[in-house]
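Q: I'm new to this structure and would like a close look at a single part of it. Could you take one spot and walk me through its surroundings?

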Amino acid sequence: MNAPDDSPPQKKLSGQTIVLLEDDDLVRRATERLLRRFGAEVVAGASSRKVLEDLAPATLPSFVIADYWLNREEDGIAAALAIRETLGAPIKSLILTGDTSEAVQARIASLGFQLLRKPVKLEDFLIAIGMEH
């Protein structure tokens with residue numbers, strides 16, 4: 001996901017901590033750069049365990065953004081749920097996936113998570129995290 005132009009973005013995510021769960025290093029770094037460019041503090045990793053280790057004490061994220069297919073131990077839904085449970089808060093969550101099955105869509109919807117299908121358009125991503133209307 002690239003920013004639409006080279007002009008400096010407004011810091012619309014300033015003061016917000018976003019958890020980013022992605023197992024692909026290149027995608028994770030690119031998404032992390034994008035979120036930081038908009039002013040977010042980002043805690044990123046390939047598992048809920050890693051992110052929870054790196055999250056500053058008493059920090060409650062504004063959002064969890066997770067790839068559906070993370071690793072063999074947990075998918076993005078399980079990781080987002082683990083973070084919610086550990087922190088004891090209903091943190092907004094966005095699941096990114098290329099999986100088009102109705103079962104995955106229903107599971108995501110039943111938990112009240114947002115869903116974006118890959119490939120993700122920048123505009124759709126920004127709308128999903130509340131940056132655009």
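A: Here is a walk from the whole protein down to a few residues.

A quick word on the ground rules: this is a predicted model, where local features need pLDDT of at least 70, side-chain atom pairs count only at pLDDT 80 or more, and totals for chains, interfaces and linings use all residues. Residues are numbered from 1 along each chain as its sequence is written, and side-chain values use heavy atoms, with hydrogens and water left out.

The protein has 5 helices and 5 strands; these are DSSP runs numbered from the N terminus, with helices being H or I of at least four residues and strands being E of at least two. Starting at the N terminus, the order is β-α-β-α-β-α-β-α-β-α. The radius of gyration is 14 Å, close to the 14 Å the globule rule gives for 133 residues, so the protein is as compact as a globular protein of that length. (That radius is taken over C-alpha atoms, and the rule is 2.2 Å times the number of residues to the power 0.38.)

Asp67 sits in strand β3, which covers residues 63–67. Asp67 has a relative accessible area of 6%, so it counts as buried (buried is under 20%, exposed over 50%, partly exposed in between, using a 1.4 Å probe and protein chains only). Who are its partners? Skipping neighbours within four places in sequence, Asp67 is in contact with Leu21, Glu22, Asp23, Gly76, Leu96 and Lys118, where contact means heavy atoms within 4.5 Å.

Next come Tyr68 and Trp69, which form an aromatic pair that is edge-to-face, 4.8 Å centre to centre with 80° between the planes. The rule here takes rings of Phe, Tyr and Trp (its six-membered ring) with centres within 6.5 Å; planes under 30 degrees apart are stacked, over 60 edge-to-face, and the rest tilted.

Ala79 belongs to helix α3, residues 76–87, and is buried at 0% relative accessibility. Leaving out residues up to four places away in sequence, Ala79 touches Leu21, Ser48, Leu70 and Glu74. Of these, Ser48 is 31 residues away along the chain, yet the C-alpha atoms of Ala79 and Ser48 are separated by 4.9 Å.
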